[in-house]
Amino acid sequence: MSPASRVALITGASSGIGAAVALLFARHGYSLSLSGRNVQRLAATADLCRREAGRLKQTGSEDIVVMETVGDLAKPECLTALAEATGKQFGGRLDSLINNAGILEYGSIENSSTEQLDRVLNINLRSVYRLTQLCLPLLKSVSPKGSIVNVSSVNGLRSFPGLLAYNVSKAALDQFTRCAALELAPVGIRCNSVNPGVIVTELQKTGGLSDEQYASFIKRCAETHALGRPGQPNEVAEAALFLADPDRSGFITGVTLPVDGGRHAMCPR
Ligand SMILES: NC(=O)c1ccc[n+]([C@@H]2O[C@H](COP(=O)([O-])OP(=O)(O)OC[C@H]3O[C@@H](n4cnc5c(N)ncnc54)[C@H](OP(=O)(O)O)[C@@H]3O)[C@@H](O)[C@H]2O)c1
C-alpha cells in the first residue's frame with residue numbers, strides 16, 4: 001500500500017550532501033529510500049532520520065518509513081535492485097528522485113586516463129541516466145507527478161583545469177537535466193539540478209587531497225567564492241528540497257541552480 005507521506009529516493013545518503021538532504025527531507029515528513037556503499041555510515045544517516053521521524057510523530061504527523069539499500073551504483077544490478085526495492089517498499093510511490101552520489105578524481109588531459117574517464121562517467125552520469133529510467137514508472141504514479149533533482153556542480157557550468165573527467169561528467173549531467181526536463185514535461189515530471197560550489201564534505205579527500213592540501217583548498221575559498229567561504233551540506237539540501245517540492249517549485253524545470261556563494265559569476269581580473 002502507498003504511504004500517506006511523500007517518498008524520496010536519495011543516492012549517496014551515507015555522507016556529506018546526501019546525508020544532509022536525507023535529514024532535511026525527514027524533517028519535512030518524507031519517507032525515505034536511502035542508498036550508499038558504506039554500511040555503517042548509511043545506517044547512521046538512517047538512524048538520524050528515524051529520530052527525526054519520531055519527533056515529527058510526537059507533533060501528530062504521519063508515520064514516515066526509512067529504508068536503506070547498500071550497493072555500488074556503478075553496477076547495473078545494484079541500480080535495478082534499488083529501484084525495485086523502493087517500488088516494493090512504498091507500493092509503487094516515488095515523489096522525488098535525488099541523484100546525488102558522485103565521485104571526484106583529479107587529472108588533466110595530459111596526465112589522466114580513459115580508465116579514469118570511464119570510472120567518473122560511470123557513477124556521475126551513467127548511474128543517473130539508468131536510475132532515472134528505472135524510476136520513471138514510480139515518478140509517474142504520483143499526483144502531482146514526481147520530480148528529479150540532480151546534484152551537479154559549479155564545475156558543470158564553468159571550466160577549471162586539473163579535473164577534466166569530473167568537469168565533463170557534470171557538464172554532461174547538466175545537459176541531461178535540461179533534455180530530460182523537456183522530454184518529461186509532457187507527463188508532468190520536473191527535472192532540475194543544484195550546482196554546488198565547494199562544500200565541506202569528504203569529496204575532495206576521497207579524491208586524493210591530503211588533510212594539509214584540503215585545509216589550504218578550503219582556506220582559498222575566501223578568494224574563490226564571492227561570499228568568501230565554502231558552503232555547508234545543509235545549504236545545498238535546502239535548494240534540493242525547494243526543487244523537489246511541487247508546492248514550492250511546481251513551475252520550475254530544466255534549471256541548473258548554483259548554490260556556490262557566487263562562484264559561477266566570478267571572473268579572474
Ligand atoms: N563537496 C563539494 O565540494 C561538492 C561540490 C559540487 C558538487 N558536489 C557533488 O555533490 C555530490 C555529493 O558529494 P559530497 O560532497 O557529499 O561527497 P561525499 O561526502 O564524498 O559523498 C559522496 C556520496 O556518494 C556515494 N557514492 C560514491 N560513489 C558511489 C558508488 N559507486 N555507488 C554508490 N554510492 C556512491 C558515497 O557513498 P559511500 O561513502 O557509502 O561510498 C557518498 O554517500 C556529488 O555528486 C558531488 O559531485 C560536491
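This report describes a predicted model of a protein with a ligand, starting with the sheet and ending at the ligand.

## Basis of the model

The model is predicted, so local features need pLDDT of at least 70 and side-chain atom pairs count only at pLDDT 80 or more, while totals for chains, interfaces and linings use all residues. Residues are numbered from 1 along each chain as its sequence is written, and side-chain values use heavy atoms, with hydrogens and water left out.

## The sheet

Seven strands make an open sheet with parallel pairing, in the order β3-β2-β1-β4-β5-β6-β7. At its edges are β3 (66-70) and β7 (256-259), each of which pairs on one side only. Averaged with direction ignored, neighbouring strands are turned by 15 degrees against each other. Strands here are DSSP runs of E with at least two residues, and helices are runs of H or I with at least four, numbered from the N terminus. Two strands pair if DSSP finds at least two bridges between them.

Strands β5 (residues 147-151) and β6 (residues 190-196) run parallel and are joined by five bridges. Isoleucine 148 stands opposite cysteine 191 in β6.

## Helices and a cis bond

Helix α6 packs on the sheet and touches β5, β6 and β7, and its direction makes about 160 degrees with that of β6. Helix α2 (residues 39-58) lies across β2 (31-36) and β3, at about 170 degrees to β3. Contact means heavy atoms within 4.5 Å. Angles run from 0 to 180 degrees between N-to-C directions, with axes fitted to C-alpha atoms, for helices over the stretch in contact.

Serine 143 and proline 144 are joined by a cis peptide bond, with omega about -5 degrees. Proline 144 lies in the loop between α4 (114-140) and β5.

## The ligand

Polar contacts are pairs of N or O atoms within 3.5 Å. A backbone N or O atom of asparagine 100 lies 2.8 Å from a ligand oxygen atom. For lysine 170, a polar side-chain atom is 3.0 Å from an oxygen atom of the ligand.

Terms used. Polar contact = N/O pair within 3.5 Å; in protein donor to acceptor, adjacent residues only side chain to side chain.
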